[in-house]
Amino acid sequence: MTTMRATFLLCWALLSVDQMAWADGGAIQFQGDAGAFRATLFTQPPILHAGLIDVTLLLQDRSNLSPLLDAKVTFDLMPQERNDVQQTQWMPPACTMNKTVDPTNIPANLGHGENRLLYGNVVQIPASGHWKLKAIIQRGAETAEIETLLNVTPAPLPPLAYWHLFLFAPAAILGFVLHQLARARKSHPAPTR
Amino acid sequence: MGDPVNAIFSSWSMPIGPSVGLLLALIFYLRGWLRLQFQVPNRFPIWRLLAFTAGLATIFVAVASPLDAFAGLLLQIHMIQHLLLMMIAPPLILGGAPYLPILSGLPRWFMREVLGPLLVWKPIKRIGQTLVHPLFAGTAFAASNLLWHTPPLYELALSSPGWHQVEHISFVFTGLLFWWPLVQPWPSRPVWPRWMMIPYLIAADLQNTALAGFLSFYDRVLYPSYERAPRLWSSSPLEDQGLAGTIMWVPGSIMFLIPAAIIAIRFLSPKPGVRPSEITGTRPPQSRAIEIPRLLRRIRLQPRHATGAFNLFTIPIIGRILRSRFFRRAMQASMFLLAMAIAADGFLGPQTSPMNLAGVLPWTHWRGMTVIALLIAGNFFCMVCPFTFVRDIGRRLLPARWAWPRRLRTKWLAALLIALYLWAYEGFSLWNSPWLTAWIIVGYFFAAFLIDGFFRGATFCKYVCPIGQFHFVQSLVSPFEVKIRSADVCRTCKTFDCIRGRETQRGCELELFQPKKKSNFDCTFCLDCVHACPHDNVGLLAVAPGKDLWNGEQRSSLGRFANRLDLAVLVLVLVFGALANAASMITPVAELVYQAQIVFSLPRTVIIALFLLVGMILVPGLLVCGAGILSRKLGKLSVSLPAVISDFAMTFVPLGFGMWIAHFVFHLFTGSHTPIPVIQRVAHDLNLPVFGKPDWTIASWAFPQLLDFEIIILQAALLGSLYAAWRVAGRYGSSTGRCWLLFAPWSLLYLIFFLIAIWIVFQPMDMRGTIMS
């Protein structure tokens with residue numbers, strides 16, 4: 001029993017230190033030169049829905065492609081046109097508590113994801129439609145901006161977004177039925193000739 | 001962080017699923033290995049443990065190290081990752097002969113009750129034998145390797161983290177299958193002769209070479225993602241692909257050819273004294289057939305040592321604290337003072353609920369923390385209940401001699417009070433009125449004081465207190481119970497101090513005789529029985545949560561569940577009350593109530609009363625009666641309908657508790673920080689400038705995954721209710737077919753309850769107790 005409790009506690013500790021799992025690149029939304037830099041902008045998930053997305057940026061020296069890790073990067077998100085905002089993102093009930101985060105001037109950090117070469121942060125896209133994502137790069141005296149257009153589709157229906165969680169009960173029931181069958185066979189073995 | 005090389009080597013992560021899985025595998029293996037060390041030390045030397053640990057560590061390195069972080073940018077890195085998962089980790093894991101250590105490392109009850117019957121089931125055995133047959137294993141390995149390297153599937157894995165994980169799982173799984181006939185982990189038996197492993201390995205190497213050669217010499221970039229990926233420093237995508245092919249080719253081939261060479265050398269030079277059958281491996285030695293079942297019997301089927309269940313009192317410091325009378329009294333006094341402070345603020349403080357202690361602490365925090373305590377431990381609120389403190393004072397000041405009227409010695413009154421409380425809570429918006437909340441607290445204290453001041457025993461707790469009844473019912477699924485440690489000790493006891501008490505210590509006031517007590521119902525965790533027992537035979541023991549729900553035995557003070565319709569009604573009121581209480585806070589229902597007020601021109605209290613009458617009493621009552629009638633007819637039962645309903649009503653407890661947890665925990669997290677500014681405000685009002693000015697803009701601990709938790713807890717609750725009902729049906733039904741028929745109507749009812757509960761948690765809910773409400 002003690003081992004089981006220790007196991008449970010260890011798992012719980014692991015769960016609590018876990019961070020955003022998908023901060024690791026993704027689909028390339030922009031790649032090109034900006035001033036003295038070469039920039040590659042990724043989003044995860046690759047097909048964008050309204051809601052939280054992970055945005056990361058790889059910044060390289062344009063001349064020798066070596067990664068640059070001493071820049072200051074911020075993201076700005078804005079609708080392409082004011083009336084372009086379509087279906088508002090559905091939020092889990094508890095999240096309506098938190099105020100909508102200002103989608104401008106979002107700082108991108110190097111320690112955000114698994115890949116420490118990428119500057120990144122989680123960006124909340126409030127609604128579907130066309131959104132402009134801008135990355136502002138500052139390194140010493142040099143400044144550059146890149147901009148890309150994101151086509152954001154409406155978020156899936158709330159229960160559909162959680163479909164994987166609903167597998168737990170059917171899987172347990174299936175396991176139980178198999179278990180009962182196995183027990184029944186064990187207690188009533190087939191007659192032998 | 002300025003140096004890119006440092007940044008690359010520090011790109012480690014902690015992927016949650018694999019980390020937990022690997023950790024659990026290691027813990028169970030280690031537990032089993034230590035056990036087997038004593039049983040068969042020659043079969044499980046230390047190198048097996050090291051091999052298994054190294055195998056798990058290899059998987060961890062593959063999925064958590066910079067290899068994973070850069071797999072999406074460089075194909076060569078991705079190839080190394082795949083080689084680790086397919087070629088290195090599986091043989092190392094199998095080298096640990098993990099089957100028996102893991103099985104004996106799993107909890108005994110899980111092995112005996114859950115996994116055991118499945119493992120000895122013939123269809124499962126056949127599937128297992130097929131999977132590790134060299135023909136199937138080799139084919140599956142080659143298919144997995146080839147298919148996942150086709151551009152569409154490879155791109156799919158690169159673009160989706162979920163599919164990437166599926167790819168890795170299939171590599172490890174087919175790797176384990178492939179290496180199984182080669183490593184042949186003990187106690188498995190070889191299907192093919194050992195020399196057949198040479199063509200087996202060569203065939204695998206051929207497919208690997210073909211794929212590697214194609215990757216190395218193909219003059220175009222095979223995977224578009226790598227063509228588009230940013231180049232680190234200045235290598236080209238084609239060079240990267242060529243290097244990936246070489247990695248697959250050379251180390252891959254070495255991994256196949258070295259074992260093939262070793263087997264060939266061994267085959268060609270048999271050691272003197274070894275029997276030919278052992279070399280060919282076609283027939284196992286005779287002793288092995290005897291050895292394994294004997295070992296299995298020794299580790300699995302031996303009777304369990306009488307160590308008893310885990311006792312919370314045995315934890316060094318916590319156990320002593322829990323048993324201490326002083327601790328309990330001090331906690332009760334503290335809770336009493338807190339309740340007084342809440343009441344005082346309710347009367348005198350601002351009447352805006354989120355700005356008042358009476359609007360925040362009782363309705364959001366106390367309720368949330370209580371259900372969490374019930375879920376992870378037990379009825380600890382009753383242990384430190386502030387009303388007990390007042391009850392004891394009442395008994396000292398007043399006669400406390402009368403007997404509680406016989407007609408009222410049931411749970412009917414408590415069920416009625418709970419229904420009234422739920423109506424008053426919603427109808428008078430108690431949560432939004434600090435003043436009314438304060439009156440309720442004071443009224444509650446007076447009721448406890450007067451009832452126990454005039455009547456003998458713990459009358460208030462047992463027959464009146466709605467809060468206590470809530471805890472009694474929910475604690476039926478708690479993991480700890482006050483119960484006897486050894487039945488033998490009780491059998492020899494002549495004094496029965498646990499119920500009668502002695503000069504210096506009273507016995508159980510709720511008339512629960514420990515040897516016949518079967519659950520937490522009616523137990524206030526007062527620990528009087530623990531202190532009264534002269535044999536120190538009563539503990540706070542770990543039990544299987546919910547095991548008493550299907551137990552039809554006679555219980556001390558309660559009798560059989562089947563004979564207690566009042567108990568069943570109390571449970572059903574609390575269960576459907578959970579649904580109605582949560583539903584009344586969601587937007588669609590709130591709008592419906594508002595529309596009904598306008599259409600029928602009736603006050604809100606009347607509309608709420610009608611809503612609860614229909615949603616909590618009439619419809620559930622009809623559904624439960626319908627399920628009872630159907631279950632009785634289908635199962636051809638001779639017992640009465642009230643008995644069937646009373647028995648099955650207890651199986652609703654997990655569902656009701658699940659709904660209360662989902663609901664209260666939601667409010668606990670959304671209103672988590674609200675006491676901080678309220679305490680600041682109280683201190684400010686009292687001219688105690690210790691906490692500064694109240695900051696009403698403080699954030700909450702609400703997080704998106706709160707809904708995930710609610711969904712999972714509701715599913716666990718559904719499963720708990722289904723299992724409990726299945727066990728009750730098993731008690732009535734003589735055959736499996738009849739059990740299914742008895743069980744079916746109730747399972748349908750649980751499903752309806754579950755779907756409504758899920759619908760509720762997806763709706764926008766009133767943020768009560770917060771400024772936003």
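Guide: Let us begin with one helix of chain B. H2(B) has as its buried residues B:Pro18, B:Ser19, B:Phe28, B:Tyr29, B:Gly32, B:Trp33 and B:Leu36. Please keep in mind throughout that this is a predicted model.

Visitor: How should I read the spacing of positions along a helix in general?

Guide: An α-helix has 3.6 residues a turn, so residues three or four places apart point the same way. In the present case, B:Phe28, B:Tyr29, B:Gly32, B:Trp33 and B:Leu36 are among the buried residues of H2(B).

Visitor: How many residues does helix H2 of chain B have, and what distance does it reach from its first C-alpha to its last?

Guide: Helix H2 of chain B covers residues 16-39, which is 24 residues. Its reach from first to last C-alpha is 35 Å, close to the 34 Å expected at 1.5 Å a residue.

Visitor: What does the secondary structure of chain B come to?

Guide: Chain B has 36 helices and two strands. Its C-alpha atoms fill a box of roughly 100 × 65 × 55 Å along the principal axes. Among the 773 residues of chain B, 43% are buried.

Visitor: How does one read contacts against separation in sequence?

Guide: One takes the contacts between residues at least 6 apart in sequence and asks what share joins residues at least 24 apart; in chain A that share is 65%. For chain B, residues 24 or more positions apart account for 80% of the contacts with a separation of 6 or more.

Visitor: Let us turn to a pair of helices. At what angle do helix H33 and helix H35 of chain B pack?

Guide: H33 (residues 653-670) and H35 (residues 706-732) of chain B pack at about 165°, and their axes are 7 Å apart. An angle over 145 degrees counts as roughly antiparallel, and H33(B) and H35(B) are therefore roughly antiparallel to each other. The crossing in which H33(B) passes H35(B) is right-handed.

Visitor: Which residues of H33(B) and H35(B) meet?

Guide: On the side of H33(B), the residues include B:Pro654, B:Leu655, B:Phe657, B:Ile661 and B:Phe666. Those they meet in H35(B) include B:Leu706, B:Glu710, B:Ile713, B:Leu714 and B:Ala717. By class, the contact of the two helices has 14 nonpolar, three polar and one charged residues.

Visitor: How is the surrounding of a single residue read? Does B:Gln597 count as buried or exposed, or in between?

Guide: B:Gln597 lies in helix H30 (residues 587-600) of chain B. Because it has 15 C-beta neighbours inside 10 Å, B:Gln597 counts as partly exposed. Beyond its neighbours within four places in sequence, B:Gln597 is in contact with B:Leu602, B:Arg604 and B:Ile607. B:Gln597 and B:Ile608 are eleven residues apart in sequence, and their C-alpha atoms are 9.6 Å apart.

Visitor: Where is A:Leu65 found in chain A?

Guide: A:Leu65 is in the loop between strand S3 (51-61) and strand S4 (72-79) of chain A. It counts as partly exposed, because it has 14 C-beta neighbours inside 10 Å. A:Leu65 and A:Ala39 are 26 residues apart in sequence and 9.9 Å apart in space, C-alpha to C-alpha.

Visitor: What phi does B:Phe525 have?

Guide: B:Phe525 has a positive phi of about 55° although it is not a glycine. This residue lies in the loop between helix H27 (497-500) and helix H28 (528-532) of chain B. With 24 C-beta neighbours inside 10 Å, B:Phe525 counts as buried. B:Ala400, likewise not a glycine, has a positive phi of about 50°. B:Ala400 sits in the loop between helix H21 (386-397) and helix H22 (412-427) of chain B, and with 17 C-beta neighbours inside 10 Å it counts as partly exposed.

How values were computed: Residues numbered from 1 in each chain as written. Chains lettered and ligands numbered in written order. Predicted model: local features only at pLDDT ≥ 70, side-chain atom pairs only at ≥ 80, totals over all residues. Helix = DSSP H or I, 4+ residues; strand = E, 2+ residues; numbered from the N terminus. Expected span 1.5 Å × (residues − 1). Buried ≥ 20, exposed ≤ 12 C-beta atoms within 10 Å, placed from the backbone. Contact = placed C-beta atoms within 7 Å. Axes fitted to C-alpha atoms, helices over the stretch in contact; angles between N-to-C directions. Parallel < 35°, antiparallel > 145°, perpendicular 65-115°, else oblique. Left-handed = near helix turned anticlockwise from the far one by under 90°. Nonpolar A, V, L, I, M, F, W, Y, C, P; charged D, E, K, R; others polar.
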